Amino acid sequence: MQVKETQNEGLKRGYQFTLPAAELAETVDAKLKEAQPEVEMKGFRKGKVPMAMLKKQFGQRVLGDAMQEAVDGALRKHLEESGDRPATQPAVEMENGETWKEGDDVVVNVSYEKLPEIPEIDLSGLKLERLKVEAEDAAITEALENLAKSAQNFEDRRKGSKAKDGDQVVIDFKGFVDGEAFEGGEAEDYPLVLGSNSFIPGFEDQLVGAKADEDVTVTVKFPEEYGAAHLAGKEATFECKVKAVKAPKEAEIDDELAKKFGAEDLDGLKKQISERLEAEYAGASRAVMKRGLLDQLDEQVKFDLPQSLVDAEAAQIAHQLWHEENPEVHDHNHGSIEPTDEHKKLAERRVRLGLLLAEIGQNAEVTVTDQEMTQAVMQAARQYPGQERAFFEFIQQNQQAQQQLRAPIFEDKVVDHIAEKAEVTEKTISKDELEKAVEKLDEL
């Protein structure tokens, strides 16, 4: 195989591989001879089929395999010798593909962008700040009050009281469409909180002002997109019997409330809340520190970027942001989305930092363990209740999906590695200050 360089500009590389016809013919003959002892054909004993017939029967297929193996082997050898790491799959094109015939040399053009040389960086020279926020009494009290609201009870209002928004009415109801009762349209002693929007739009509004022991007829229209096709868009009436009107009463913040949430007593619940809050603060603080780290790396380290990676990342950013701005579009049947200069600038940053972190992680022998991957898969599977098994099978069979789960784990572990080497100072701040720092993360 002859190799000639055709392009060497920046990170772009091009080569022409020429496989002489004689060399290809020798390879084909060798493959046929190797297979000959195992070949059976009508009229011949096993292993006695003449080479001429083998060539006629299997020659074209073996020829194609030999060409592919020769090109793949030449490219693999070239990459090993040159040390190039292609940024994306190399483009391989047969120059004389349309006119080539057996007996001609095989000429293949190969092009790719190689990954750049990543400069070393002194991680100990990085200066990071780790923000620390302690769970304040006010935040713990606010969390307790929210828990009390979620655990509220309802008590009967004085006889003759009208139901208000936020009250609970206990009702018997039966629904009719076109004068006929429909399946699933009735219940007894149903506790309905007015304003909860748990029923068809307009249903709860018509029970505001009702009293216990009253009969109320509610008229509503099922939404056009209602799940049951035979009811979608239909007008319905519900005959309701109001059996009780109850006012909300927040639970007392005491040991009984604590037990409802799995704590032994109120002090135990406060401790749980404090630990949860501080864990949330620590997660937010880590995000702020990570941004500071990435900003420093982005400013200190510069190198050429493979344009193919930048273009792909910019297109992905533009596509993602377009869908965020057009949430009503759930498919990809839309026109082309042209990345802006801002998208391209962000793409360059992401590609640069991605390559840099990958290099640092590789040099530090950072790996993602099987246990970490299993945890990531299980966490992702929770987004598909009832379909977990299908999700697991999809991940097992899809290398790209596995990489999408592995990448953020790897990146976080590399960030932790860098933080261990850098100079880190700790600063105690308030919850409000931390929230402002987190808000700034959206500026890029």
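Visitor: Which helix supplies the largest share of the lining of the largest pocket?

Guide: In this predicted model, α7 does, with 14 residues. The helix spans 341–363.

Visitor: Which helices each supply at least two residues of that lining?

Guide: They are α5 (266–300), α6 (307–325), α7 and α10 (399–421).

Visitor: What is the volume of the largest pocket, and which lining residues are the closest to its centre?

Guide: The volume is about 1,900 Å³. Of the 45 lining residues, E313, R350, V351, G354 and E411 are the closest to the centre.

Visitor: How many residues of each class are in the lining?

Guide: The lining has 21 nonpolar, eight polar and 16 charged residues. G354 is one of the lining residues, and Gly counts as polar.

Visitor: Why is E365 called exposed?

Guide: Exposed means over 50% relative accessible area. E365 has 68% relative accessibility, so E365 counts as exposed. The residue lies in the loop between α7 (341–363) and α8 (370–381).

Visitor: What makes the phi of E365 worth a remark?

Guide: The phi of E365 is positive, about 60°, although the residue is not a glycine.

Visitor: Where does D178 lie, and what is its phi?

Guide: D178 sits in the loop between β7 (168–177) and β8 (180–193). Its phi is near 55°, a positive value in a residue other than glycine.

Visitor: How do you know whether D178 is buried or exposed?

Guide: Buried needs under 20% relative accessible area and exposed over 50%. D178 is at 68%, and therefore counts as exposed.

Notes:
Residues numbered from 1 in each chain as written. Predicted model: local features only at pLDDT ≥ 70, side-chain atom pairs only at ≥ 80, totals over all residues. Heavy atoms only, no water. Helix = DSSP H or I, 4+ residues; strand = E, 2+ residues; numbered from the N terminus. Buried < 20%, exposed > 50% of the residue type's maximum accessible area, 1.4 Å probe, protein only. 1 Å grid on protein atoms, 1.4 Å probe; cavity = no way out; pocket = protein on both sides within 12 Å on 5 of 7 lines; lining within 4 Å. Points joined across faces, edges and corners; volume = space filled by probe spheres on them.
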